[in-house]
Amino acid sequence: MTNGDPQIQADVLEMVHELAEDWEYDGEITAETRFLQDMGLESLDLVVLGTMIQHRYGKLPFSEWLAEIGERPVEERDVSIGELVDFVASHLPSVAVEGS
Amino acid sequence: MTPVRDEPVAIVGMACMYPGAPDVDAYWRNILNKVDAVSDPPESAWDPAAYHDPTFADEDKTYCKHGGYLGDLATFDPLEHNIPPVSVGGEPDQWLALKLAKDALVDAGMADLPPEIRERTGVILGKGTYLNGGNAIAIQRGLVIQQTLDVVARLHPDYSDEQLEQLRTEMKAALPPMGPEIVPGLIPNIIVGRIANRLDLMGPSYTVDAACASSLLAVQQSMRHLRDRECDVVLAGGSQVWIPIPVLNVFCQLGALSRKGQIRPFDADADGTLLGEGIGLVVLKRLEDAERDGNRIYATIRGVGVSSDGRGTTVMAPRVEGEITALRRAYEATGVDPETIGLIEAHATATDVGDATEMAALASVFGERVDDRPSCAIGTVKSMISHTIPASGVAGLIKCALALHHRMLPPTLNVDRPNPKLGIERTPFYLNTETRPWIHGGAEPRRAGINSFGFGGINAHAILEEHPTSSPAHLPPFDSELCVLEGGSAEALADAAEALAQRLAARDPEPALIDVARTLAARVSAPGERDGVMRLAVVAETLPDLIVKLGKAAERLRKPNTKRIKGVAGIYFASEPLGREGKVVLLFPGEGAQYPNMLADLCPYFPEVRAAFDGFDRVYGDQPRPTVFSDWIFPRPSFSEDERRAAEARLMDMDVAVAAVLAGNQAVHGLLRRLGVRYDACVGHSSGEYSAAHAAGALRVNDDVQRGRFSDGLYRTYKEAADRDRLPRATLLAIAAERDQVEAVAAEAGGDLMVGMDNCPHQVVLMGDPEAAERARAILDRDGLIYEQLPYDRAVHTPRFAAFSEALRDVFTGLEVGPAETPLYTCTTGDRYPEDADAIRDLLAEHWTQPVEFRTTIERLYDEGARVFVECGPRGNLTAFVDDILRGRPSVAVPANVQRRTGITQLHHLLAQLLVHDVEVDLDALHAERGGTVIDLDGGRDGDGNEAAPRRLHVELSQRWPMLRLSPEAVQRVRGASPGPSRPVTNGSANGVGNGNGINNGHRPPEPERPAAPAPAAAVAVAPTATAAAPLRELLAGEVVEAAAGPSADEVELAMQAHLATMERFLAAQTEVMQAYLAPAAGQLHAMLGSVVAANDMELVTLRRLDPAEDRYLDDHRLGDALAVMPLTMSLSLGAEAAVALLGGGVVTGLRDVRAHRWIAVEDEVPTLQVRAHRLEDEGPDGATQVRVELRLLTGREDEPDAGSPEVEATVLVADSYPPAPAPLPVDAPDASTLTPDSLYRDVMFHGPRWQGVAGIDGTGPAGIRAALGVLPVHDFLASGELPSFVLDPIVLDAAGQLVGFWTAEHLDRGRIVFPFRLEALDVYGPPLAPGTPLSGAAVIGLRGDQLMSSDIDVLDDHGHVWMRLTGWEDKRFDLPDALEALVKSSRTPHPAPLSTPWPGPVAALAATGREVECRRILADLGADAALWRRVWAQRVLTPREREVLERFRAPEGRRIEWLAARTAAKEALQLLLRREHGRDVALTDLELLADEQGRPVVAGAGVAGLPTLPVVSMAHAGGLAVALAAPGGDLGVDLEPVRRRAEGFADAAFQASELTVIGQLPQELRDEWTLRCFCAKEALAKALGTGLLRSPRDLAITALDPAQDTVTLELGGDLAALRPDLAGAPLLVHTVRDDDLVVTTTVAEKGGHRDDQR
């Protein structure tokens, strides 16, 4: 796991904020913060977030990644912010599609 | 009466103490939480160093030290049982059993049994006759000592007879005496005798010993007494407190103890048992009596079967036939079928043979496993607490009773791999290693069996059964609580949250979170009264968590434009509640929502949840299916990953999945209904539609017949379709895209792909054959659409399910349906359900062939006004769909249950959101039966009369063996016995070996009453406070004390007196010895040092009681003429005397490093002063010998004479002669003083004649003072007339220090009260002088900041030579508030200045009606050194008995001072009244304020003796102010409250609706203040009527308010009306006054303002 690309991390956090609407998470947000267990999001929210991320960065192998996560033992079926940022960073299309 | 042989007996009360669990609550909580309470032996048990040998090379030791120990839990409060603390010794179990017997009766609601029942109440306890403390002492004293002496005599022929006799004496001294304490050790029956005696029970009381089976034998005997009608109630149980080493040893010899130190019943790695301590007791009654009396019934005992092994292999080996016989007898006698047992509490000691034999016996009685389906949980609490031998059976009995009571299957610990040799897999049993709900669909009630098999071949088996009516008790606490606040605005809520957080943080002791939640819940406004009300809801796990969250919430609420808070941590707020206008919709999820163990943790708290699963089991049980339905939801613990996965997979199979989710939905729906959650519409997703239809009243499967038909129909349809392969398969892809996009993908992919569910914008489910799905995947990947394959393989909600749907239609034909009672929506049409029955049935079947149009349906509901969506089922998937559908629109969706939070916590999050959105919820139902109470959250107001809680005394009961061990001193004494004298030293490190000074006394002083070694269970830990127990019975003002019956206080006092007398004799004898030793060297010891308790070359320790009756010099040194304080200079003189005595002569040439740490103040209790002088190695200045002296006040701590730092310490310099005097200090004091010799001690200082060493002030200056001093006589220092001569004159030394006080009086405006606390050096240049010798003093005084002064002072003889010099004499300075300055003034004048001031305002209205009521007030604020001044004040004002009450009043200093101030104001008001009415001049201490039973103050004391009618007083205090009224008679009441912001909901909580209406008629701006006036008025009237605080708000009703007259009119109701029929129904007036920031109310309880107190 890398230290995370700060730009991607900022983007992800902004999108999480947008997604969560009025949900508040008042704990400290770090790379280890998990979407479901800590921030109280639903797994569907991860899909929505994936859609938003693709909207910005272009196509990413989200489906495979989510399927992998679904294979994990119940208590580990979650994604941390760092994990998501790393996923995006390591699969970023060589030519990012800016906007749409 | 003929006994009824199989008559059930009810368990109606329980109490226990087992390792890690002081009571039943903790015991049950530990069991559910799988707490392993096994440990090393604690300090209080045995010493492993002495007895533990892991190699077992020494076969008299034990290789195993682990066990279940009670340790610190073994304490006993004798006062609670009216037992003198000094009597609490001997065997610990007798005291614990007594405590638990009482607790068990209290638990049964039988704290006060009527005599006719007590007469027929028995006590039967299982108890072994193992080696205990009592018989150990007997053996040691009777056998061991003599044997040891014989051994020593043979080993050491050189030992003289004197030495051997000395050794005998020392060994005896090291052991506890052969007193009455050991009797219970020798006669085990005392344990029950004591219970019968203390609780006055007259049924049979005896112990039974059947080894490990003892408890159940006791139960069997108890049942006989009940069935024979010989008893109506029996306390039964077992006791084993302290683990006897010989028993451990025997178990080691047998190889029965675990070498691993673990108890692992039924595990493959089990290697033996562990022994433990504990006591359990149950209260038993005949079932019919218990039902008739409305007792809470934990469970019933159907019967106990008992057998012996007969001729087995050996007497110690278990025999399977014997165990089988016990089991058979139990089942035959009761007619219970073993198949109906759902839980076995096994004996299971974890020994190889024991466990195997037991399993074989069980298998023989219970038969083989059927259908590969185990049906009965098995386990043992021994896995948690170890084997408590005679107390083990009742441990299992209590556990099973609670399991039946809460319908929970408790876990067993330490099984990782079941022992394969037991063959459990062939039996009906399964090892239950997890806490699981006890779901039960059988026709018979839930039942449990308990095995208890004893060494020696005695076997018992008990059968327990659930009782249907029992309501839960001993419920474990919730893991979180819901706290709700209300307010009119975000700002108001922020204020309320902050105020609450502050009050909670300030409360000591910390209130229970459950009580806080309960109290706040009680304040939540009712529907219809909540217009404009906003709520803040917080879910908190602990009180600190709540405080933090309240703070965070307040912070958020204060931010402008905060409309809504929805915090994951559990903070919720909505300024525009959506539930007020919007509709609430229940969403029922379909298959896929179920998960293993869903809702399990809600079952114990909410019977509805469990009942839903019970119902499904019941209907399944009637059908020929090889399964218990709930087994799939709450899978039996499995021991392999494969088993676990298989169980999880089965839960996803369609038949199980649909039934499971329907059961889960019904469980949650039952819960929401219990909690009164309002809902306006229902809708189900997929198969959840059946739940919705049921909840809405369209599908009427409301009884077992209908439910059975439905369940069976669903199953058969599924089964037939599956058998004929008519359940078309498909791949399901959940695609994150809009529907048209998904349909385009389907079209492009071709094949049979169809949309089966349109859940939300980011999830549309496409279904089709695997090949088509594969093509769709490629397209989705190409287009970058996120998708997920779902873990189901049926083409549900497509036309391919038509056959299944048609078959299902027939099932619905046989079911009752009708128009929905709650609007019901269907995702098949996106519309409401039809009303026609057939149309309903069509739709119920048809939905399997139609896509689930969830998105459309939610949009439709939203259009129709739905705003709040509650997911009524497990997991919470639908909530995410709704959020996605309604993103950006005002709405709230929340699940009742999610997998990632506990059931309770998520429920709280749900209720929190519903409450902030103003959806009706019945919070009472949430709190029902959980034991929370409404508390006073506004804090700080306790009325007079309920402040001090009775003091607790905890005697630690030692479980440690009496050790025959000699102290090093004793060894020395023995060694030195023959040749030389001994010089006993009882304390300190100094070596007291004889030094050959020729005194051979040949005998030791009498033994002190307390033995050197701790008694086996002696009360060595009796807190010092025990001595103050005597006056507890007194009913004194300001304290409600339970009247004690029987022996108690007096006995305590007698015992203490006897103890003190013995101590005195001891001291006297010892002093004689010491004096003899000291005599040649030092002459007579100074009288004021008292007795010597230890002495040698280096150290001298003396003890003396400081008794104001003898120590007359104290009389002239009283602060405020009240509190006697030893002058610091007297302490120094005594130290000097001790130093000279130690050294045997010399002159005192000075002091160094003097420090006074605390006051040596003498109040009611006569303290003991200890002076310790210790010679230092280093020489002082001019070759002087240095002796460090320490003075300690041993008030109640004679046991630990070296405890803590000394009160005063100093180094004394002793030399052969005085050094030459230096030149006098230059002192600049040119000005004449205003102080005349007359005024010195009258106006400035408090010293009496004995200490008036200053004769006149010669001159003063800005930094100096000169004065004339004189040497005063000391002939009347002691009442005994003994003439103390001092090597260091304390009076002159004090006079020198007083110069600072006189200077201060003239030169300083503030900080005029000065007290010395330090002296750097004193140098003395001449011998003490005769009385009458004139001296002079000169001081150079320096101020150090505001609070310190440092002075150098010379005392000169009449030749002007320095006789004494004080260098660095330091004083602390401070002030008293003006109002209380009288405290430092003399109170001995005829009319001392009062402390209170008149306050006519509050009684002006009463005066207008001709009443002469005195009203006085005091500002009760003492500032710095409050505790000291409170003591001074109390001495001036209170009687000794009143002071004791104050002393015991454990409260913050401020509250104690208010309490004292209120009494002062009352007494001073009485003084005036008595002078006015009776012409009497009465001292404050001649008035005593007692309290009657209701806590109302009653005037007593010499000051009112002989009066025809006693005057009356009433007192109140709050916020640092105290007020009191006094009147010649009548009903008088006063109350006082500071005007400050009250918590939200204060009015609603304090008043009834009718009263709120009265207050509501006032103009808006008056309402707040008058709300407070009304509250205050109630308090005043309640006090006037002598009922103390109001029991119920209904007791007093406000009927009218008159702001013009400042009056509140009230009427009596409820209990009060019954209590005072003379006033019932009449309007009663209370006068109210607003004075600055205070509201004061006064009343004479008069009818309508007309004088009417001529009663």
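Leaving aside neighbours within four places in sequence, Phe35(A) is in contact (heavy atoms within 4.5 Å) with Val12(A), Val16(A), Gly40(A), Leu41(A), Leu46(A), Leu49(A), Asp78(A), Val79(A), Ser80(A), Ile81(A) and Leu84(A). The model is predicted, with pLDDT of at least 70 needed for local features and 80 or more for side-chain atom pairs, whereas totals for chains, interfaces and linings use all residues. Residues are numbered from 1 along each chain as its sequence is written, chains are lettered from A and ligands numbered from 1 in the order in which they are written, and side-chain values use heavy atoms, with hydrogens and water left out.

Phe35(A) and Leu84(A) touch the most other members of the largest nonpolar core, which holds 157 residues. Such a core is a set of buried Ala, Val, Leu, Ile, Met, Phe, Trp, Tyr and Cys residues joined through side-chain atoms within 4.5 Å; buried means under 20% relative accessible area, exposed over 50%, and partly exposed in between (1.4 Å probe, protein chains only). Helix H23 (residues 654–674) of chain B gives this core its largest share, 12 residues. Helices (H or I, at least four residues) and strands (E, at least two) are DSSP runs numbered from the N terminus. A second, separate core has 77 residues, including Ile1265(B), Leu1299(B), Trp1303(B) and Trp1369(B).

Chain A contains 4 helices and 1 strand, in the order α-β-α-α-α from the N terminus on. Of its 100 residues, 43% count as buried. Among the contacts in chain A between residues at least 6 apart in sequence, 69% join residues at least 24 apart.

The contact between the chains draws 31 residues from chain B and 26 residues from chain A. About 2400 Å² is buried between chain B and chain A, 52% of it on carbon and sulfur atoms; buried area is the accessible area (1.4 Å probe) that two parts lose on being put together, summed over both. On the side of chain B, Val568(B), Ile786(B) and Arg900(B) lose the most area to chain A, together 29% of what that side buries. Arg900(B) also forms a salt bridge with Glu42(A), with the closest N and O atoms 3.7 Å apart. A salt bridge is a side-chain nitrogen of Lys or Arg within 4 Å of a carboxyl oxygen of Asp or Glu, and the rule finds 1 across this interface.

Gln913(B) lies in helix H32 (residues 903–916) of chain B and counts as buried because its relative accessibility is 3%. Not counting residues up to four places away in sequence, Gln913(B) touches Trp23(A), Lys566(B), Tyr572(B), Val892(B) and Val894(B).

Over all chains, the count comes to 98 salt bridges. One of them joins the side chains of Arg973(B) and Glu170(B) at 2.6 Å, N to O. This pair links helix H34 (residues 968–976) with helix H6 (residues 161–174) of chain B, 803 residues apart, and both residues are buried. Glu1569(B) and Arg1573(B) meet at 2.5 Å, N to O; the two are separated by about one helical turn because they are 4 residues apart in helix H45 (residues 1564–1584) of chain B. Arg1573(B) is buried, with a relative accessible area of 5%. In the salt bridge of Asp293(B) with Arg292(B), the closest N and O atoms are 2.8 Å apart. Asp293(B) is partly exposed at 39% relative accessible area, while Arg292(B) is exposed at 59%. A network of salt bridges links Arg120(B), Asp232(B), Lys285(B), Arg286(B), Asp289(B), Arg292(B) and Asp293(B).
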